[in-house]
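Me: I'm new to reading protein structures. Could you walk me through a few features?

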Amino acid sequence: MWWLLLPLSTILLWGWLETWRIRVRKTHFSSPFLPQSFEGYRIVLIGGLHLRRLSFWTNRVQEIVNNLEPDTLLIGGNIKPTHRSDNAQTHKLLNEFLVPLQTKDGIFAVQGYRDRKKFWDELPEGSRLDLLSNSHHS
């Protein structure tokens, strides 16, 4: 049975390292229906922040986002680390996370499956974030 330890340890280590990996995928979209003003427009999407604390990892995400020079930043839900995370604490961390981010046209978010229990109803006044929930923004 001891021989199972090496493959199991390797799998667990790989899984742990993979959770800290930041992936950047660049995609070009074109359509004859888009106005010329969208030529070169940059939208950056972040998914699954799961904010427990600000750390080297979140600082790296901020650096990557700013280097991409987004016109608009989209946050694809799951900001809370767990369903039971304190909303006020997560909002505080989120606001601190957003402070250094540079965008021309704003920061938008959609609700993730962990962002429940009135998380979006308790968005602090003056937040830089706009929630898109059955809505749109021009």
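Predicted model: local features only at pLDDT ≥ 70, side-chain atom pairs only at ≥ 80, totals over all residues.

Me: Can you zoom in on one pair of strands? How many bridges join β2 and β3?

Reply: Three bridges join β2 to β3 (residues 107-109), in the parallel sense.

Me: Next up, salt bridges. How many does the structure hold?

Reply: Side chains of opposite charge can pair when their charged atoms come close. This structure holds three such salt bridges. In one of them, the side chains of Glu63 and Arg60 meet at 3.1 Å, N to O. Both residues lie in helix α2 (residues 56-68), three residues apart, about one turn of the helix. Glu96 and Lys92 also meet in a salt bridge, at 2.7 Å, N to O. Those two sit four residues apart in helix α3, again about one turn.

Me: And which residue forms a salt bridge with Asp71?

Reply: That's Lys104, with the closest N and O atoms 3.5 Å apart. This pair links distant parts of the chain, 33 residues apart: Asp71 is in the loop between α2 and β2, Lys104 in the loop between α3 and β3. Asp71 counts as buried because its relative accessibility is 12%, under the 20% cut-off. Lys104, at 59%, is exposed.

Me: What about the rings? How are those of Phe38 and Tyr41 arranged?

Reply: They belong to one of two aromatic pairs in the structure. The ring centres of Phe38 and Tyr41 are 5.1 Å apart and the planes are at 70°, so this pair is edge-to-face. Phe119 and Trp120 are edge-to-face too, with centres 5.0 Å apart and planes at 80°. Phe119 and Trp120 are both buried.

Me: Last one: where is Asn78, and what does it touch?

Reply: Asn78 sits in the loop between β2 (72-75) and α3 (87-98). Asn78 is buried, with a relative accessible area of 12%. Leaving out residues up to four places away in sequence, Asn78 touches several residues, including Gly48, His50 and Tyr113.

Key:
Residues numbered from 1 in each chain as written. Heavy atoms only, no water. Buried < 20%, exposed > 50% of the residue type's maximum accessible area, 1.4 Å probe, protein only. Contact = heavy atoms within 4.5 Å. Pairing = 2+ DSSP bridges. Phe/Tyr/Trp six-rings, centres within 6.5 Å; stacked < 30°, edge-to-face > 60°. Salt bridge = Lys/Arg side-chain N within 4 Å of Asp/Glu carboxyl O.
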